[in-house]
Number of protein chains: 2
Amino acid sequence: MAVRPRTLAAKAPEERRRRILGAAVEVLRERGYAGTRVADIADAAGTSSGLVLYHFKSLENALAQALTTVEDEFYAEFESDLASAEGALGRLRHMGELGAGAGPAVGDWALWLEIWVRALRDEGARATREALDRRWRGMLRDTIAAGVAEGVFHPDDVDDTTVRLASLMDGLAIQLALADPDMTSERMSALWLAAAAQELRTEPGMLNH
Amino acid sequence: MAVRPRTLAAKAPEERRRRILGAAVEVLRERGYAGTRVADIADAAGTSSGLVLYHFKSLENALAQALTTVEDEFYAEFESDLASAEGALGRLRHMGELGAGAGPAVGDWALWLEIWVRALRDEGARATREALDRRWRGMLRDTIAAGVAEGVFHPDDVDDTTVRLASLMDGLAIQLALADPDMTSERMSALWLAAAAQELRTEPGMLNH
DNA sequence: CCTCATGCTGAATGGGCGTTCAGGATGGAC
DNA sequence: GTCCATCCTGAACGCCCATTCAGCATGAGG
């Protein structure tokens, strides 16, 4: 009658595993990739370092999986939030606000900086981040294309505009992640939407909220 | 008759010191902040690890000084190159091209990623990078203001435009540093100048070269 | 020539930390 | 109850460096 042939011993291994992964993300945010120790993760998860290595083969692997988790959650939430937006204008506004920190992104931009540095030298990380970037740019491009179809956007060149707006968001995010006094969530969102309005030649005021 | 009261023993200590600093920069580019060892620097400089620690107090300190060196050279070259440009339009074009890798910037964007991650957790690094960013934005803002005075630029808001164009460059640079197949030096420069043309409402074609 | 401050070396030291492992506990199967 | 796969623990092991240091080299000053 067991759903799985394999029995689950101990309390709840899968639950424990997830707790460790969550702890890894937490520590990663606090100390960064280079500063995270196995013992830190174990402490944060309220378990032993032995178990961390038991569930994940190595620290390296644990951190990689932690980052994957973050990325997945990031996009999942992003996409679900976006689904509730109506029309291309609404979707674009959401993108500006979510990217600027209204959602899960807020503490995550720091992690993106870590991912970028990692991607500098790790082939796998590079490929992953490239794929994720393409996914994000794809969402942006689709939104723009939808707006063109609706007749509210009139970009010179959809691809170029997409790359510029995506890159602008990354660049603004750096200042946000580094807590530059000149940058706030609100300003970032406003700056990005203003750029979008220029790029897309929307009617004046269309993208203010 | 000695210029300095202190005698210089050995061959040329100051020269050696500079060689080590250069080696540190080289290794830093190759292996990144987290991956650089004292022995790597010593090897690259053709000396002993003892000497590295003799001239710089610690590895940490050596790397910090190496980064400072890079930053100084970066801006020095940037400013001198810029001085030769005529008019606001010429200066802006230079900024687009230098930033995109025509000059010393090309291998340095990777180092900027490292600096950003470092700034995430090191107060000193954060302050340094903020100051440097302000300096770069200041140059950009001055150029824009000059263009306004010349009557060739007509931005909505000089400050906002400055921040957007500076951030856009950072964002584009990430893809360049990570060798994203969709991004090249030429495309980056073209994308940035096109954005500048939009932001500054230049006459059509003014910023093409 | 001496002397001695400064440069310089490479082996030794010591600490930090990833990984391993021997040994328990747990709980389903029978 | 007995057995065994699976979980889990924390101490022990070793490796990898940063840093220290004892000692040699050099060359200016006298």
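A residue is described here as buried if 20 or more other C-beta atoms lie within 10 Å of its own, as exposed if 12 or fewer do, and as partly exposed in between, with C-beta atoms placed from the backbone. The structure is a predicted model, in which local features need pLDDT of at least 70 and side-chain atom pairs count only at pLDDT 80 or more, whereas totals for chains, interfaces and linings use all residues. Residues are numbered from 1 along each chain as its sequence is written, and chains are lettered from A and ligands numbered from 1 in the order in which they are written.

Two copies of a chain are related by a rotation about an axis and a shift along it.

Helices are DSSP runs (H or I, at least four residues) numbered from the N terminus, as are strands (E, at least two). Helix α9(B) has 16 residues and reaches 22 Å from its first C-alpha to its last, close to the 22 Å expected at 1.5 Å a residue; the expected span is 1.5 Å times one less than the number of residues. Buried positions in α9(B) include B:Met188, B:Leu191, B:Trp192, B:Ala195, B:Ala196 and B:Glu199.

Most residues other than glycine have a negative phi. B:Arg201, which follows α9(B), has a positive phi near 50 degrees. With 13 other C-beta atoms within 10 Å, B:Arg201 is partly exposed. In chain A, A:Arg201 lies in the segment after α9 (185-200), and its phi is likewise positive, near 50 degrees. A:Arg201 counts as partly exposed because it has 13 C-beta neighbours inside 10 Å.

Helix α8 (residues 158-177) of chain A contains A:Leu165, which counts as buried with 28 C-beta neighbours inside 10 Å. Contact requires that the C-beta atoms of two residues, placed from the backbone, lie within 7 Å. Apart from neighbours within four places in sequence, A:Leu165 is in contact with A:Leu140, A:Ala195, A:Ala196 and A:Glu199. A:Val117 is 48 residues from A:Leu165 in sequence and 22 Å from it in space, C-alpha to C-alpha.
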